[in-house]
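Dear colleague,

Please find below the structure that I am handing over to you. My notes on it follow directly after.

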Amino acid sequence: MPRHMRTTTVVSTCTPVTEEVRHVFEIVGYSKHRGMGHDGFIRSGTFSVGGHEWAIRFHPDGYCSSSGNVDTDFISVYLELLDKGAKVRASCDLSLVVQNTGLSTSVHKTGPRIFHQGQSSAFAPQTNLFMKRNDLVASGYLQNDRLTIECVVIVMMKPQVATTGFLNNIGLPPSNIIENLGSLLETEEGADVRFSVGGETFAAHRLVLAMRSPVFKAELYGTMMEGRSELVTIQDMQPTVFRALLHFIYTDSLPDMVDHRGDAITEMIRHLIVAADRYAVDGLKLICQSILCERLNVKDVAITLALAYQHNCDRLKDACHEFLTASNSNVLDMVIATPGYKNLKTTCPSVLADAFEKAMKRRKT
C-alpha cells in the first residue's frame, strides 16, 4: 500500500514599503512674480523623499509645452524629480490652501508611476493647465497677494519580503476589544453611573472611566461626593464635547464629526483640548494638538496660542511660534490685524510677550 506522505507548506510575505512627505511652498507677493514669461518659473526649496531630491515648480504665467501651446488663463504647477538620471516610482497629490481656513483642496493627483529625471516624465502632472487665475481669488486660494501650494509625495521603495517560514500555526483573529467597549458605551449595558451635562444625561461605567482617567478615578472611587452618587453633574461643558470625550475614552478614537464643517471642527477640537486637560486624558490631548497644528492659519493662530498656554500644550505652542516666524516676514503683521490678537493682547499679555520674544530670537538665527 502507498505510504502516506505529510505535505509541509512554507510561506513568504511581500509587503510594500513607502515613504511619504508633505512639502508646503509659500508664494509671497504673488503679483510681483508675474511677467516672467511662459518659460519662467520659481522653484521651491528641495526636499528629500525615499532618498531622492524633489522640488515644486511654479510658473506664474503658465508653461509653454514642447508643442508650443500655452493657455494664458492658467498657472502651471509641477512636482519635479531633481536627481540626475534617477528613475523613481512615486505618486503625488498637489493641492492649494484656502488662506482664511488653512484647509487644502486637491487640484491634481498622479498615481504611482515612474519619474525619470532628464525626460518629461520627471514632472507631474503631464499638463500645463493647473488652475485658472480667476479661480485663485474666487476660491480663496489667493489672498493678501499670497498663494500656498502643498504637495504630498509617496515614493515606493523596494518591497520587504519576510523570511520564509512553516505554516504550522493557527491564524488568530484581529482584536475586537475596541468594538466591544464601543458597543458597551452605546448599549449602556451594565452602566453604573450617569452624568448630567447641559441638560443631557449620559450613562457610563465607573471602571472604564477610572482606568482611562486619573481624575475620573479620584472622583468616582475617592472620598468625593461624586463617588457615592449615581448621577454626577458636569459643569462648564457642552453635551457634544462630553459625548466625544466618552467616545475617546471607550474607543481610543474621535467620533465622526459629520455635523461640523470648517471653523466648527476647529472650535470643537479646542473644546476637546479643554476637556482632555480637565480629565487628564493625555492621548486625546495629543491628538487634538496635532489636528490644530494642521489647521493653523493667520485668522486663528492667536486664539490657538492662548489655548496652548492655558492648557499646557507644549507641542501646540511650538507649532504656533513656528507659524508666526515663517519665512514670510508678513505673517506677524497679518496676525496683529486679527480680532484674536486684540483679545490675546487684552487677556494674556504675558503669552503675547513670550511669543514675540521667541519670534525675534528665531528671526535673528
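In what order do the 3 strands of the open sheet lie? The order is E16-E15-E17, and the pairing is mixed. Please keep in mind that this is a predicted model.

Strand E16 (200–204) and strand E17 (231–234) form the edges of this sheet. Each has a single partner strand, so one side of each is left without a neighbour in the sheet. On average, neighbouring strands are turned by 25° against each other, direction ignored.

Strand E15 (residues 193–197) and E16 run antiparallel and are joined by 5 bridges. Within this pairing, Arg 194 has Ala 203 in E16 as its bridge partner. A helix also belongs to the picture: H5 (residues 239–251) packs on the sheet and touches E15, E16 and E17. The direction of H5 makes about 10° with that of E16.

Is Gln 126 buried or exposed? Its relative accessible area is 55%, and because exposed means over 50%, Gln 126 counts as exposed.

Leaving aside residues up to four places away in sequence, Gln 126 touches Arg 113, Ser 120 and Ser 121. The side chain of Gln 126 also reaches the backbone oxygen of Phe 123, at 2.5 Å. Thr 110 lies 16 residues from Gln 126 in sequence, and their C-alpha atoms are 9.0 Å apart in space.

With kind regards

Notes
Residues numbered from 1 in each chain as written. Predicted model: local features only at pLDDT ≥ 70, side-chain atom pairs only at ≥ 80, totals over all residues. Heavy atoms only, no water. Pairing = 2+ DSSP bridges. Helix = DSSP H or I, 4+ residues; strand = E, 2+ residues; numbered from the N terminus. Axes fitted to C-alpha atoms, helices over the stretch in contact; angles between N-to-C directions. Contact = heavy atoms within 4.5 Å. Buried < 20%, exposed > 50% of the residue type's maximum accessible area, 1.4 Å probe, protein only. Polar contact = N/O pair within 3.5 Å; in protein donor to acceptor, adjacent residues only side chain to side chain.
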